[in-house]
Amino acid sequence: MGPMAGHLPPSDLAARTAALAALSAEIVDCFRCPRLVAWRELVAREKVTRHRGDPYWGRPLPGFGDPDARILIVGLAPAAHGGNRTGRVFTGDRSGDWVFRALHKAGYANQPTSVHRDDGLRLEGAYVAAAGRCAPPANTPTPAERDTCQPYLERELALLAKVRVFVPLGAFGYEARCRVLGLRPRPKFGHVVEIELPDGRWIVCSYHPSQQNTFTGVLTEPMFDAVFARARELGTAGSTRPR
Ligand code: SF4
């Protein structure tokens with residue numbers, strides 16, 4: 001089945017969990033973007049000095065987390081030596097350190113660290129995915145690659161039937177989220193900007209926890225924590241707007 005294939009979301013948790021697992025297997029086996037396939041495999045072969053002894057995943061990354069998630073965090077794409085190495089989204093790089101530490105503080109993760117696929121990390125009430133599933137050169141997929149991959153996010157979202165709050169990390173994740181939701185006009189992206197969707201769900205925007213942002217103080221830890229605290233409030237409360 002290709003990424004454009006659609007299906008109705010099963011309402012039953014067991015069926016949705018099985019469907020998510022099947023979708024994950026399909027994503028991992030995707031070779032649709034020749035440039036990205038070549039890049040992810042080249043990086044996995046050549047490695048980087050600090051990870052010379054590590055096996056690299058070198059494949060696409062499905063989402064990770066709780067099929068009954070109330071919040072969905074959407075990043076840009078895997079990092080060449082992070083997710084593309086470890087095989088789990090946001091795992092094994094500095095951005096992931098920020099994401100999972102914040103999720104742990106907000107009560108969504110059982111541990112604050114995320115270093116490899118078998119590290120025991122579990123999410124409860126949250127799901128993490130990326131707009132693009134393969135590590136792109138210069139961290140930037142082309143518009144065509146972005147569009148080719150987008151149906152995977154749509155299908156994942158259709159199966160995450162309990163999601164109330166979307167947390168896009170960075171403007172790219174935000175735009176991907178808006179495209180999937182058909183949101184027009186698109187409110188201006190900004191940190192902790194929150195947007196109520198016509199169906200009562202929410203977007204809570206966040207700056208991306210890239211080193212460019214965290215090293216320069218554009219994004220601080222309290223700023224990042226505030227996003228997940230707010231997402232939890234909105235995700236718990238449903239469509240009412242708590243303060
Ligand atoms: S970016 Fe998405 S569509 Fe392209 S090869 Fe990777 S998984 Fe497949």
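pLDDT is the predictor's confidence in each residue, from 0 to 100.

**Figure 1. Confidence along the predicted model.** This structure is a predicted model. Its protein chain has an average pLDDT of 91. A score of at least 70 is reached by 93% of the residues. Residues 1-6 stay under 50 in pLDDT. For that stretch the model has five contacts beyond four places in sequence.

**Figure 2. Helix α1 against helix α5.** The crossing of α1 and α5 is left-handed. From α1, the residues involved are Arg 16, Ala 19, Leu 20, Leu 23 and Ile 27. They meet Tyr 152, Arg 155, Glu 156 and Leu 159 in α5. Six residues of this contact are nonpolar and three are charged, with no polar ones.

**Figure 3. Helix α5 against helix α6.** Here α5 packs with helix α6 (residues 170-181). The angle between them is about 65 degrees, and the axes are 10 Å apart. Helices α5 and α6 are therefore roughly perpendicular to each other. Their crossing is right-handed. Which residues make the contact? Helix α5 supplies Gln 150, Leu 153, Glu 154 and Leu 157. Helix α6 supplies Ala 176, Arg 179 and Val 180. The contact of α5 with α6 comprises four nonpolar, one polar and two charged residues.

**Figure 4. Helix α4 against helix α8.** This view shows the packing of helix α4 (residues 94-105) with helix α8 (residues 221-237). Their axes are 9 Å apart, at an angle of about 50 degrees. Why is α4 called oblique to α8? The angle of about 50 degrees makes α4 oblique to α8. Helices α4 and α8 cross in a right-handed sense. On the α4 side, the contact is made by Trp 98, Ala 102, Leu 103 and Lys 105. Phe 224, Asp 225 and Phe 228 make the contact on the α8 side. Five of these residues are nonpolar and two are charged; none is polar.

Methods
Residues numbered from 1 in each chain as written. Predicted model: local features only at pLDDT ≥ 70, side-chain atom pairs only at ≥ 80, totals over all residues. Axes fitted to C-alpha atoms, helices over the stretch in contact; angles between N-to-C directions. Helix = DSSP H or I, 4+ residues; strand = E, 2+ residues; numbered from the N terminus. Parallel < 35°, antiparallel > 145°, perpendicular 65-115°, else oblique. Left-handed = near helix turned anticlockwise from the far one by under 90°. Contact = placed C-beta atoms within 7 Å. Nonpolar A, V, L, I, M, F, W, Y, C, P; charged D, E, K, R; others polar.
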